[in-house]
There are 2 protein chains.
Amino acid sequence: MRQVPAKLASKLYGAAELIAERGLADAKVDEIADAAGIPKATLYYYFSGKDEVLAFLLADMLELIAGEVGTAASAPGSARDRLESAVEAQLAVMLDHPAVCRALVGDLGRATRLPELAAALQEAFHRPIASLLAEGVSDGTLRQVEDPGAVALSIFGAITVTGLSAAVDGSSNDSAKDAARIAASICDLMLNGLATTPANPEGDR
Amino acid sequence: MRQVPAKLASKLYGAAELIAERGLADAKVDEIADAAGIPKATLYYYFSGKDEVLAFLLADMLELIAGEVGTAASAPGSARDRLESAVEAQLAVMLDHPAVCRALVGDLGRATRLPELAAALQEAFHRPIASLLAEGVSDGTLRQVEDPGAVALSIFGAITVTGLSAAVDGSSNDSAKDAARIAASICDLMLNGLATTPANPEGDR
DNA sequence: CAAAGTTTGTACTGGCAGTTCAAGATAGGA
DNA sequence: TCCTATCTTGAACTGCCAGTACAAACTTTG
């Protein structure tokens, strides 16, 4: 995949909607090219096929997420506060790119079969959460859990699925506000839990 | 799609691994037929194409999940306890069918573009959790939250992503034990939260 | 046994991803 | 200005493979 010029990149976002709607398999290359407003030959000059077009779009968004989340996670403040900011940051980017998110869900397989993309996904979503959990234990704002990996995955799953669902519905037109609302809900759940009794003394089971 | 005889159904599971490994797009119909040990013509006698083969496998697993989770959710006991059983039940089925799970992640798009399957997915995963949350508020074992829909989605996301990840890694050989361990971790998180301070008086933000 | 439904081998077709190529555009350097 | 390298595009082509067609065997059931 050649270095993609910015102008072309922005045009490609025009095809994200199409891919999200019909799935990569049912979106013909000619249609993708039309939707983006570029000739098929040009598309093949930059990409080796439609898989790579999707991969490019995804990588672009993941980079954005990794950046925003990274900023939120390395800001000053307690780990707990930063966790909340990071959750919101991730949701904000996702809701800003609903079409790409929808395309991602639909063709996760094709996407993650490209190994460098699977790594980027891990990097953008999962790792920052895992680090924040560890930092929270150090600074005393989050409690120690038995299996931090599973907890990080759970939080990651909660954010991702909720964000994806919001991207699919695409109801509101103030995505920043939506992100904040959803983030608050998730953080409330993750921090305070659902139990009414003051928390089982020695964990569960 | 004709009524699929049990013998054929069981053979089809032999193709799940292939589909999971390579993705539906890269798995040729002839290969799928070979992997299942049935002739291509027979496959087309029962299914309209490979999408339907995947859909069948998925529907089969979803039915299983819906059944197990339903049983757990309607057992006697507090809503909170039943929530814990339901989480474990879902994980157990997922870890029992890792290949189908992996195929599902990879080709979620193709799968959910079949409308009846999207409904089944909702039914099997999401709905029972939402009901249990509501019941928990009624019987006092779970607290009231601001946005129950978002919370149900979050829990659903946590289970699903964690289960999927476990299915992909496929490390252990005692899947029931894995399911129990992961379920305990998720339930601890969802019920007790991560906060060290006794919980913010008026929710968050 | 007849009729209906199932199983399979084989051969074919149509659509589309990806290739090729050559001609024009653009731009940068000397 | 001209030369060269890189980009852009249209158009025609190729090969693969999903899905079709169909007829012959086989099985069930009434």
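Helices here are DSSP runs of at least four residues, numbered from the N terminus. The model under discussion is predicted.

Q: Which elements of chains A and B each supply at least two residues of the surface near DNA strand C?
A: A residue is taken as near the strand if its C-beta atom, placed from the backbone, lies within 6 Å of it. By that criterion 15 residues surround DNA strand C, and the closest are Lys28(A), Gly49(A), Pro39(B), Ala41(B) and Thr42(B). The elements that each supply at least two residues of this surface are helix H2 (29-36) and helix H3 (40-46) of chain A, together with helix H3 (40-46) of chain B.

Q: Which element gives the largest share of the surface near DNA strand C?
A: By class, this surface has eight nonpolar, three polar and four charged residues. Its largest share is four residues, and the helix that they come from is H3(B).

Q: Which element gives the most to the surface near DNA strand D?
A: Around DNA strand D there are 13 residues, of which Pro39(A), Ala41(A), Thr42(A), Val29(B) and Gly49(B) come nearest. Two or more residues are given by H3 of chain A, and likewise by helix H2 (29-36) and H3 of chain B. The class division of this surface is seven nonpolar, three polar and three charged residues. With three residues, the element that gives the most is H3(A).

Q: How many helices are there in chain A?
A: The C-alpha trace of chain A spans about 65 × 35 × 30 Å along its principal axes. Read from the N terminus on, its elements run α-α-α-α-α-α-α-α-α-α. Chain A has zero strands, and the number of helices is 10.

Q: Which helix gives the most to the side of chain A that touches chain B?
A: In the contact between the chains, 46 residues of chain A meet 46 residues of chain B. Helix H6 (98-106), helix H7 (108-113), helix H9 (148-169) and helix H10 (175-192) of chain A each supply at least two residues of the side that touches chain B. That side of chain A has 21 nonpolar, 16 polar and nine charged residues by class. With 11 residues, the helix that gives the most is H9(A).

Q: Through what surface do the copies meet?
A: Of the interface residues of chain A, 100% are also interface residues in chain B. The copies therefore meet through the same surface.

Q: Is H8(B) oblique or roughly antiparallel to H9(B)?
A: The axes of helix H8 (residues 115-139) and helix H9 (residues 148-169) of chain B come within 9 Å and cross at roughly 130 degrees. An angle counts as roughly antiparallel when it is over 145 degrees. The arrangement of H8(B) relative to H9(B) is therefore oblique.

Q: How many residues of the contact of H8(B) with H9(B) are nonpolar?
A: In the right-handed crossing of H8(B) past H9(B), the contact residues include Phe125(B) and Leu133(B) of H8(B), and Val151(B) and Phe156(B) of H9(B). Two of the contact residues are polar and none is charged, and the number of nonpolar residues is 10.

Q: Is H9(B) roughly parallel or roughly antiparallel to H10(B)?
A: H9(B) and helix H10 (residues 175-192) of chain B pack with their axes 11 Å apart, at an angle of about 150 degrees. Since angles over 145 degrees count as such, H9(B) is placed relative to H10(B) as roughly antiparallel.

Q: In a crossing of which hand does H4(B) pass H5(B)?
A: Helix H4 (residues 50-73) and helix H5 (residues 79-96) of chain B pack at an angle of about 160 degrees, with their axes 8 Å apart. That angle makes H4(B) roughly antiparallel to H5(B). The crossing in which H4(B) passes H5(B) is right-handed.

Terms used:
Residues numbered from 1 in each chain as written. Chains lettered and ligands numbered in written order. Predicted model: local features only at pLDDT ≥ 70, side-chain atom pairs only at ≥ 80, totals over all residues. Nonpolar A, V, L, I, M, F, W, Y, C, P; charged D, E, K, R; others polar. Contact = placed C-beta atoms within 7 Å. Axes fitted to C-alpha atoms, helices over the stretch in contact; angles between N-to-C directions. Parallel < 35°, antiparallel > 145°, perpendicular 65-115°, else oblique. Left-handed = near helix turned anticlockwise from the far one by under 90°.
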